[in-house]
Amino acid sequence: MQSPKETLTKLRKVDAEELNQLKKRTDAATLVIIFFIAVILARLWFLQIHYGSKYKDKADNNRVRMLDVVASRGNVLDRKGRTIITNRPNFNIVWVKEDSPNPDEIIKKLSRILNEEIAVLLKRVREAAENPRHIPILLQEDIDWKTLVYIENNHYDLPGVRIEVLPRRDYLYEDFGSHMIGYLGQINLKELEEKNSANYQGGDQIGKRGLEKLYEDELRGEKGTMYMEVDAHGFEQRQLKGKETLPGNDLQLTIDMDLQLEAEKAMAGKAGAVVAMDVKSGRLLVFASAPPLHLEDFVGGISTKNWQALLGNIKRPLVHKTIQGQYPPGSTYKIVTALAGLSKGVITPNTVFYCSGSMKFGNRRYGCWKEGGHGPVSLHRALAESCDVYFYQVGLKIGVDSLAEYANRMGLGHKTGIDFEYEKSGLIPTSAWKKLAKGVSWQDGETLSIAIGQGFNLVTPLQVCQMTVALANGGILYKPFLVEKIIDPEGQIIREFEPIVDVELIGMDKYLELIRDGLVGAVNDRHGTGKEAQLKDVTVAGKTGTAQVVSMKKFQETDEEDVAYKHKDHAWFTSFAPAENPEIAVTVLVEHGGHGGSAAAPIAKKVLARYFAQKTELETNKAKENQNVLQ
Amino acid sequence: MLVAVLLIAAMGLVNLYSATYAGGASTTTVFIRQLFFFLAGLSFIMIIHLFDYRLLLTWNYILYGIAVCLLLASLLLGSNIAGTQRWINLGFFRLQPSEPAKLMLVISLASYYYRKDTGRGFTIGQLLIPMALTGLFFILVLMQPDLGTALMFAGIFISMTLFVKLKWSTIGIIFGGCSAVIPIGWQFFLKPYQKQRIMTFLSPESDPTNSGYHIMQSKIAVGSGLKFGKGYLKGTQGHLHFLPERHTDFAFSVWAEEWGFAGSLFFLAVYFFMILWGLNVCLASRDKFGVLLAFGIVSLIFWQAIINLLMVMGFLPVVGIPLPLFSYGGSSLMTTLIGIGLLMNIRMRRNQVRKN
């Protein structure tokens, strides 16, 4: 072993030849170094100077994320400005996959926190697979406070997971006017193409039915944008300037909340419709279809199970019965028959027919609902006690086609033209129609059925109400409407709706007066069929109707209870009040409710009672105020 | 020389402050630690000047042994960070033994080549021992696993071996061997994540969220610096955490983002001045050991710098190689400063040989 000293002194020197060689090698090394310097400089040039602006954009996009902010949807108010529907914040869990370094683990954690199966969460992730990666995926909606707080506190453990606050429809009166108001749903491709693309994007909520759909453009408002500076984990650092949202406009309806609630309460458990209209304008005060839809079920998409239940329900909750329910008008049609008879001069108020309880025509006997018969009846009693035989006689004398003419003039058999979707027109048969549709000539016997509102006749509750309005106001058919005004977020009225006269019947007032008189009798006479609708302080006029369904169709239900239900007659009651100076018309239909007088009239009475109670209250308040002023 | 080193290290510190700047408490600790290591390293340079570098010739096997022990220790009791066992916790700081091991390898190879050099070129048989010396380090580091540093060892070995004279037959055998070994190595020895790193390097844009992420983000950071940068402490990529490992391996991205092309150019000028000066030391030394040692140290710094820079600019896959003097990391900084101390030592004693 050499000592250090020796090593040092014995160290071999570099001789001249070696030095030469060394030079060559260091030169080669220098070349290598210069080569790499050149590569690096060139690369640097390309990155920073040549493509620099491209990377600059990328860097800006990297840190600034553009987020759409959904505007708060407009409120829905009743005619007095009381809020029916508004919005509340809805906390959703969304996940930006891009921001999660370990997606599987995040899903596992979330499954535990949200108490949701991994498969369910993964399904939602898969459904969003086609979206760009930076678009948040909705994992769970409307989380509760506890979960919210937990996620907020642990957000460093959950990179990419965010809480998104979205306005959600808040139904203050639950299923209030559900068919009228309609519901929201996720926008589909077709709607996305139709709508203004700047204000809509996939995943947005859009009005699918009812007013939510019809007034979508008013209610929606304008989306805002928010620029958010984020770090690589998706955590928001600070908010940059963006575009403010513009809340949607409010809809003030013509609907009276109290009356609608009263009607809906009275219809609980039943199927059918209640329509109330302002006699002097066509404003709809009540527009109810029973059974209601449970609107909360539709938020965020209705489940298949719930949908199947709705489809299978014998009370047909999916049908908007005020405008889509078509029923034989029953005895309410006698208004038309009477009007036609009077106008054609076939009868006068004093014309008397004898009712023995039935009437023989051809080789068939047509019965009156009262088996014992009414004896000799004039127009007033015929309407008040709804004598069938009287109207058989009138019908025969006028003929089916003249009857149809007057029905049409009273608004039956065609759409009322209300600004609403899927209205049905009903059916008022004529001889020509039968020839065309059935290929058979009209039988006079059928005219008898038509005259009392049975047979082929089909009407909607809204049509009957519109007819009642015209009867009450002396012949003006108003186009029914639902929206009073549209109010912008600052409270300015931007649009107001005026009554529209659809048809005005000229020269019929004296006949209508006679019919009104008969209808007052129906409610107030000793033997009137609509006595159940009587009010103490106000004279109500009304007409009952009982529409037979049995002979019309064969039923396929095997369930006996269902068959029994489906065999029951539809109950009608249409009315107006006060008789002397009508203000409101109320029409009630109870599907398979039985007799109009017993099943439908009490419901109309409740709505009317409420209306007049409200009015008296208002007047006493006014009187009090005046007194206060005087004092 | 010392000026260049000081300048680079100062830039590194300034940059480190920015890279970790977030207003948090950890910011200052990282900065102060690096400053401490830098000052400690400078004093090491002074100490190294006190003895003759040629003493290393006698100590080289001891040093090599220590390095092996440290590497083994890091494998056995090392703290596990991010799935790798690269560190030995010494209480006040965590030593990364693979850093000094790089220097030990340089010393060992220089000693061996110096002893065996006959001037007629090395045969393949004579290369077996240096291969074994390198191979042991290589395997130990690969087991951590740290492919980048392992390849660094191979790089040092190749540069130093090419620097000494080889027989043509030897060169032929090595090339033949390598082309046979590489596919086999790919198949059997690389861990999946290492394979993936190499694969994503080939097309980083294909997977912008996972493996390609680092490269993408780094390129964005560098590119968005433009001519004059975004200004000190104003880089968005770094401060918003888009850049991973921004104070260690990707420190230069932060620099390039904040100082732009001009700043990067200045940095590179100083850096390569230092490297060329190192090469000059190699030429100036009058004994073969000094020449080999100096060349080894220069190549050590040079290859790390090149690999790091090319990686930052998206030319190479992400391997954990720091930019010597610039990146954060006590072990790396100390090793580099010791290396530079040795270079200065060699330069200082370049004329002593003749006198003897």
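Student: In this predicted model, which way does α14(A) pass α21(A), right-handed or left-handed?

Tutor: In the predicted model, α14(A) passes α21(A) in a right-handed crossing.

Student: Why are α14(A) and α21(A) called oblique to each other?

Tutor: The axes of helix α14 (residues 334–344) and helix α21 (residues 509–524), both of chain A, cross at roughly 140° and come within 10 Å. Angles over 145 degrees would count as roughly antiparallel, and 65 to 115 as roughly perpendicular, with the rest being oblique, and therefore α14(A) and α21(A) are oblique to each other.

Student: Which residues make the contact between α14(A) and α21(A)?

Tutor: From α14(A) come A:I335, A:A338, A:L339, A:L342 and A:S343, and these meet A:Y511, A:L514 and A:I515 of α21(A).

Student: What makes α4(A) oblique to α5(A)?

Tutor: Helix α4 (residues 103–114) and helix α5 (residues 118–127) of chain A have axes that come within 9 Å and cross at roughly 125°. Because roughly perpendicular ends at 115 degrees and roughly antiparallel needs over 145, α4(A) is oblique to α5(A). The contact involves A:I107, A:K108, A:L110 and A:S111 of α4(A), with A:I118, A:L121 and A:L122 of α5(A).

Student: Where does the largest nonpolar core lie, and how do you know that?

Tutor: The largest nonpolar core has 123 residues, and A:A276 is one of those with the most contacts inside it. Domain 1 (65–253) and domain 2 (257–619) of chain A both give residues to this core, so the core lies between them.

Student: Which residues does A:A276 touch, leaving out those up to four places away in sequence?

Tutor: A:A276 touches A:L259, A:L285, A:V286, A:I584, A:A585, A:V586 and A:V607.

How values were computed:
Residues are numbered from 1 along each chain as its sequence is written. Chains are lettered from A and ligands numbered from 1 in the order in which they are written. This is a predicted model: local features need pLDDT of at least 70, side-chain atom pairs count only at pLDDT 80 or more; totals for chains, interfaces and linings use all residues. A nonpolar core is a set of buried Ala, Val, Leu, Ile, Met, Phe, Trp, Tyr and Cys residues joined through C-beta atoms within 7 Å. A residue is buried if 20 or more other C-beta atoms lie within 10 Å of its own, exposed if 12 or fewer, and partly exposed in between; C-beta atoms are placed from the backbone. Domain bounds come from an automatic or database domain assignment. Two residues are in contact if their C-beta atoms, placed from the backbone, lie within 7 Å. Axes are lines fitted to C-alpha atoms, for helices over the stretch in contact, and angles run from 0 to 180 degrees between N-to-C directions. Helices (H or I, at least four residues) and strands (E, at least two) are DSSP runs, numbered from the N terminus. Angles under 35 degrees count as roughly parallel, over 145 as roughly antiparallel, 65 to 115 as roughly perpendicular and the rest as oblique. A crossing is left-handed if the near helix is turned anticlockwise from the far one by less than a right angle, and right-handed if clockwise.
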